[in-house]
Amino acid sequence: MEPSSGATVTTVKGYACQRRTPLQHHNTLLTDALLVLAENAEFCENEGRSVAFRRAGSVLKALPQAVRKMEDLQGLPCLGGHSQRVIKEILEDGKSREVEMMLQSKQYQAMKALTSIFGVGVKTAERWFREGLQRHTDVVNSGYKLNHTQQAGVQYYDDLNTPVTKAEADAIGQIVEEAVQAVLPGAEITLTGGFRRDKLTGHDVDFLITHPEEGKEEGLMPKVVSWLEARGLLLYQKTNTNSYLESTDGPARPSHNMDRFERCFSIFRLERPHARPEQHPQATCEEQPQDDDSARERRASQSPGWKAVRVDLVVTPVSQFAFALLGWTGSQLFERDLRRWAGQEKHMSLSSHALYDSKQNRYLRASSEEEIFAHLGLEFIPPAERNA
Ligand code: TTP
Ligand code: MN
Ligand code: MN
Ligand code: MN
C-alpha cells in the first residue's frame with residue numbers, strides 16, 4: 001500500500017520474537033489504554049481477545065517514534081478494528097471514552113483489586129465480585145475459607161503489591177546464592193524474568209538454579225527450601241517436584257505452557273537495609289496521648305523491619321539450561337510468539353526444556369540462547385529487547 005504523504009512508514013514484523021522491543025518506548029499513552037482493554041478481556045475470560053489487545057500494544061512498543069496520526073499505522077501487523085478505533089480516539093481527544101468508562105467501572109476495579117491478591121485468579125475473583133466483594137479487605141472480613149496461598153496473599157497484600165526494586169532483587173539474589181552454595185557447592189544461580197530484561201522493578205524475582213555437572217542438581221530444591229526455612233527467611237513456599245521425566249507427553253506435545261522443573265513459588269522475608277527502629281509512644285510527645293483508632297492504625301501501617309517479596313525458584317539440569325533461560329526470561333508475549341513461531345513457521349515445538357523438530361523427528365540441542373534462535377531461523381534478540 002502506498003503511504004499517503006507525510007506518513008511515517010515503519011516495517012514491523014508480525015511475531016514479537018522477530019522484533020526488538022525495548023523497555024522504554026514512545027507510545028505509552030496508547031499501550032496503557034490497550035492494556036486496560038486486554039485486562040478487561042482477561043477478566044471476562046476471553047483469552048483470545050486479551051491476547052489480541054496485547055499484540056496490538058506490543059507492536060506500538062516496537063515503533064521507533066510516537067504515533068501521531070492514523071496514517072502512521074499503515075502496514076503495521078496485529079492492529080484489529082477495535083484497537084484502531086481506540087487509538088484513533090486517543091489521537092483525536094487525548095483519551096478513549098471506552099477505556100475511561102472501563103477504568104471507572106465497579107466490575108473492572110473490583111476484578112483488578114481481587115486478582116491482585118496472590119493466589120486469586122479470574123474465576124475466584126469473578127465469584128467473589130458477584131457475591132459483593134470488591135477489595136482485599138472485603139475478603140478478610142467476609143470470613144470465606146481461603147486456601148494456604150490466598151491466606152498469604154491477603155496477609156502480605158500491601159508488600160506484594162509494592163514493586164520489587166532491583167536493589168531488593170539483588171539482595172534476594174545474595175540470599176539464594178548463599179543457600180544454594182551451602183547445600184550444593186558449585187551450583188549456579190541466574191537471575192531471569194523481568195530483571196534480566198533490565199526492568200527497574202518487578203512483581204517478583206525469578207531465579208534459575210543449575211549445576212555444571214548433569215544430575216548433580218537432582219533433589220536440590222527441597223534442600224534449598226529447608227535451608228531458607230531453618231533461617232526464617234520464607235514466609236510462604238509451595239514446591240513442585242520435577243514431573244518432566246515421569247510425564248508421558250514429551251516436550252514435543254506440551255499439554256500446557258507450565259513447565260515441569262523442580263520449582264518453588266515463594267514469599268521471602270527480606271530485611272529492610274535501613275529500617276528505622278520502632279517508635280516508642282513516649283518518644284513522640286507531640287502526639288495525642290490517647291490510644292485512639294487512628295493511632296492504632298498508624299502503628300499497624302508502620303512498616304516493620306522487613307518486606308514480603310515474591311520469589312520464583314526453578315532448578316534445571318544443565319543440558320536444558322538454555323531452554324529454561326529463554327523460557328523464563330519473558331516477556332510473556334515474547335514467549336508466546338516464540339512458541340507460535342516455532343510451531344507455525346518451523347514445524348518445531350519449543351518448551352522451557354527442549355526444542356523438537358517435527359520434520360527431522362529429533363530434538364535439537366543447544367547450550368546457549370543464541371543457538372536456539374539460530375535453530376529457529378530467528379535473529380538473536382538480547383533480553384533487554386524482549387520487552388514485548
Ligand atoms: P513473571 O515473573 O510472571 O513475569 P516477568 O518477570 O516478566 O515480569 P514481573 O516483573 O511482573 O515479574 O514470568 C517470567 C517468565 O517466566 C515468563 O515470561 C514465562 C515464565 N513462566 C513460565 O515459564 N512458567 C510459569 O508458570 C510462569 C508463571 C512463568
Ligand atoms: Mn518476574
Ligand atoms: Mn508479572
Ligand atoms: Mn515469576
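The model is predicted, so local features need pLDDT of at least 70 and side-chain atom pairs count only at pLDDT 80 or more, while totals for chains, interfaces and linings use all residues. Residues are numbered from 1 along each chain as its sequence is written, chains are lettered from A and ligands numbered from 1 in the order in which they are written, and side-chain values use heavy atoms, with hydrogens and water left out. Helices (H or I, at least four residues) and strands (E, at least two) are DSSP runs, numbered from the N terminus.

**Manganese sites**

- Asp204 (OD), Asp206 (OD) and Asp312 (OD) coordinate the manganese ion (ligand 4) at 2.1 to 2.2 Å.
- Along the chain, the donors of that ion (ligand 4) follow the spacing D-x1-D-x105-D.
- Donors here are N, O and S atoms within 2.8 Å of the metal (3.2 Å for Na, K and Ca), and since water is not among the atoms, sites may look incomplete.
- The manganese ion (ligand 2) is held by Asp204 (OD) and Asp206 (OD), at 2.0 to 2.1 Å.
- Asp204 bridges the manganese ion (ligand 4) and the manganese ion (ligand 2), and these two lie 3.5 Å apart.
- The manganese ion (ligand 3) is 5.4 Å from the manganese ion (ligand 2).
- Why do Asp204 and Asp206 count as buried? Asp204 has 6% relative accessibility and Asp206 has 9%, and buried means under 20% relative accessible area (exposed is over 50%, partly exposed in between; 1.4 Å probe, protein chains only).

**Aromatic rings**

- Searching the whole structure turns up eight aromatic pairs.
- Rings of Phe, Tyr and Trp (its six-membered ring) pair if their centres lie within 6.5 Å; planes under 30 degrees apart count as stacked, over 60 as edge-to-face and the rest as tilted.
- One of the pairs is Tyr15 with Trp341, edge-to-face at 5.1 Å centre to centre and 90 degrees between the planes.
- Tyr15 sits in the segment before H1 and Trp341 in helix H15, so this pair ties together parts 326 residues apart in sequence.
- Both Tyr15 and Trp341 are buried.
- Phe118 and Tyr236 are also edge-to-face, because their ring centres are 5.4 Å apart and their planes stand at 85 degrees.
- That pair links distant parts of the chain, 118 residues apart: Phe118 is in the loop between helix H5 (106-115) and helix H6 (122-130), and Tyr236 is in strand E5 (residues 234-240).
- Phe118 is buried with a relative accessible area of 18%, and Tyr236 counts as buried at 5% relative accessibility.
- Phe334, Phe373 and Phe380 are linked into a cluster by ring pairs.
- The charged end of Arg231 sits over the ring of Trp227, 3.9 Å from its centre; the test is NZ of Lys or CZ of Arg within 6 Å of the ring centre and within 35 degrees of the ring normal.

- H2 (residues 47-61) has 15 residues and reaches 21 Å from first C-alpha to last, close to the 21 Å expected at 1.5 Å a residue. The expected span is 1.5 Å times one less than the number of residues.
- Buried residues of H2 include Phe53, Arg55, Gly57 and Leu60.
- Their cover includes helix H1 (28-43), helix H3 (81-93) and helix H15 (332-346).
- Thr31 is found in H1, and at 7% relative accessibility Thr31 counts as buried.
- Leaving aside neighbours within four places in sequence, Thr31 is in contact with His25, Gly57, Leu60 and Lys61, where contact means heavy atoms within 4.5 Å.
- H10 (residues 166-183) has 18 residues and reaches 26 Å from first C-alpha to last, close to the 26 Å expected at 1.5 Å a residue.
- Among the buried residues of H10 are Glu168, Ile172, Ile175 and Val180.

**A three-stranded sheet**

- E8-E9-E10 is the order of an open sheet of three strands with antiparallel pairing.
- Strand E8 (348-350) and strand E10 (362-363) are the edge strands, each pairing on one side only.
- E8 and strand E9 (residues 355-357) pair in the antiparallel sense over three bridges; pairing takes at least two DSSP bridges between two strands.
- Ser349 stands opposite Tyr356 in E9.
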